[in-house]
Amino acid sequence: MSYGLSAAAFGGAFSTATRPAWRSAVPARCSLAAADSVSAAAPILRDLQMKCATPLPVLRHVADALAADMRAGLAADGGGELKMILTYVDSLPTGNEAGLFYGLDLGGTNFRVLRVHLGGKEKRLLDTEFEQVSIPQELMCGTTEELFDFIASGLAKFVQKEKDKFGPPKGREREIGFTFSFPVKQTSIDSGILIKWTKGFAVSGTVRRDVVACLNEALKRQGLDMRVSALVNDTVSTLAGARYWDDNVMVAVILGTGTNACYIESVDAIPKLQGSTYQSGKTIINTEWGAFSNGLPLTEYDRAMDCESINPGEQIFEKTISGMYLGEIVRRVLQKMAEVSTMFGDSFPQKLSVPFVLRTPDLCKMQQDDTKDLNEVEFILSDALGVKSSCLGSRRIVTDVCDTIVKRGGRLAGAGIVGILQKLEQDFKGSIFGRRTVVAMDGGLYEHYPQYRSHLKEAVTELLGEEVSKNVIIEHTKDGSGIGAALLAAANSKYST
Ligand code: BGC
């Protein structure tokens with residue numbers, strides 16, 4: 001069986017829908033019989049905790065292996081699990097960029113359009129406007145033309161709302177920074193070939209095609225006179241957007257529906273460039289770290305989820321740490337528990353067998369539940385999984401399962417960040433740990449899940465030690481990506497001299 005993506009797993013919108021006050025129909029405390037039923041699930045929890053444990057040696061292994069894999073991927077294409085993609089970005093925003101630019105962002109459950117009016121060194125951002133549209137589920141597994149027509153028509157509607165004073169000078173096309181958040185083999189700053197879809201997308205006919213050409217064709221069908229000046233990954237636009245304000249930004253990480261990281265690399269440290277020249281001596285590398293897998297503490301639940309996914313054997317780090325998957329891993333554990341115990345009552349809740357029915361935001365809400373009887377947990381079990389009755393002991397087990405999976409995810413993400421920093425520090429001693437270094441972070445998982453955030457930060461501190469970790473600032477840069485894409489369009493404008 002194979003499944004697609006069903007939910008806004010944690011990419012953007014964090015549902016704030018209110019619910020009716022929830023009252024338990026059963027006594028909150030466990031009866032003796034209930035305690036018995038819970039005890040059958042306890043060994044499964046213990047086994048899970050053991051297999052998901054990420055003590056310091058595991059974290060260290062992950063950080064070291066990631067750094068080694070980065071080097072292998074920089075040496076040759078296909079040298080390691082990490083693709084270490086050249087982005088063709090060699091000049092970062094300076095602050096001098098001026099004019100009207102568009103950003104278009106496709107990467108998860110939503111796509112966004114953005115208009116930025118840049119005012120140069122003194123005035124910086126004069127105006128920004130954006131709109132967000134969620135991508136209908138059927139388009140995520142439809143055809144290339146359907147997906148790109150949908151995007152182009154959204155863009156066309158947005159352009160119509162442009163105020164006259166902001167239009168481009170006569171004779172100039174509007175320029176777009178296109179953030180396309182999937183693995184793309186860039187062929188230049190404004191072209192690139194899709195390597196594979198991730199995050200549940202399975203659109204036919206796009207793999208191995210230039211996604212800018214796909215967009216241009218759709219723009220033409222819409223009668224839109226615009227051109228893509230920069231094609232970038234979301235990590236890259238996040239880095240560019242954050243760097244606009246802060247010169248110490250060296251790395252950008254996305255932790256949302258999917259995950260990835262990019263960083264500023266010295267051209268001399270990229271053997272596969274084979275002598276190509278870059279003006280600034282630096283470039284941004286898109287690691288595509290979601291593909292990493294070496295030494296990750298995985299369980300039978302992860303393996304089964306991977307086997308049944310639309311991309312088995314791929315994106316294992318992403319499947320362990322990102323928002324699309326955490327809820328699904330927890331669901332699989334609870335399903336196993338419900339099969340061997342009566343922790344959710346005498347009859348097996350049928351909804352519990354539906355892939356992706358439990359979403360990462362649900363885990364987050366359950367972990368924020370500070371009521372004595374875990375009423376929110378009870379509500380979500382009933383609402384999302386159709387559990388008719390649960391005692392307090394069962395609900396505690398559920399939150400422990402959430403904590404186990406979320407803790408592993410957050411700590412491994414922290415180890416990944418340290419892996420990148422450590423690689424840079426090894427190349428140029430003191431360049432990272434000896435001064436303030438900023439990691440720009442975006443994505444709903446990091447933004448909305450406090451426990452995940454703390455586990456990540458804890459792992460970074462454990463690995464680097466108190467002193468060094470004071471120099472590493474993980475800064476949430478919400479929406480930096482849209483502006484970053486527009487800035488990169490400006491930096492690569494065909495009208496710039
Ligand atoms: C993609 C990356 C992207 C990340 C975050 C991953 O699935 O492969 O290109 O940066 O998601 O959106």
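Me: What does an angle between helices refer to here, and what counts as a helix?
Reply: Axes are lines fitted to C-alpha atoms, for helices over the stretch in contact, and angles run from 0 to 180 degrees between N-to-C directions. Helices are DSSP runs of H or I with at least four residues, numbered from the N terminus. This is a predicted model, in which local features need pLDDT of at least 70 and side-chain atom pairs count only at pLDDT 80 or more, while totals for chains, interfaces and linings use all residues. Residues are numbered from 1 along each chain as its sequence is written, and side-chain values use heavy atoms, with hydrogens and water left out.

Me: Why is H12 called roughly perpendicular to H13?
Reply: The axes of H12 (residues 375-385) and H13 (residues 392-427) come within 10 Å and cross at roughly 85 degrees. Angles of 65 to 115 degrees count as roughly perpendicular, those under 35 as roughly parallel, those over 145 as roughly antiparallel and the rest as oblique, so H12 is roughly perpendicular to H13.

Me: Which residues of H12 and H13 meet?
Reply: With contact meaning heavy atoms within 4.5 Å, Val377, Glu378 and Leu381 in H12 meet Arg395, Val398 and Thr399 in H13. Three residues of this contact are nonpolar, one is polar and two are charged, where Ala, Val, Leu, Ile, Met, Phe, Trp, Tyr, Cys and Pro count as nonpolar, Asp, Glu, Lys and Arg as charged, and the others, Gly among them, as polar.

Me: What makes H7 and H17 roughly perpendicular?
Reply: H7 (residues 234-243) and H17 (residues 480-491) pack at an angle of about 85 degrees, with their axes 7 Å apart, and they are therefore roughly perpendicular to each other. Among the residues that meet are Asp234 and Val236 in H7, and Gly480 and Leu488 in H17. The contact of H7 with H17 divides into five nonpolar, six polar and one charged.

Me: Which residues are closest to the ligand?
Reply: The ligand is surrounded by 14 residues, and the closest are Thr198, Asn233, Asp234, Glu288 and Glu318, where being near requires a heavy atom within 4 Å.

Conventions:
Helices (H or I, at least four residues) and strands (E, at least two) are DSSP runs, numbered from the N terminus.
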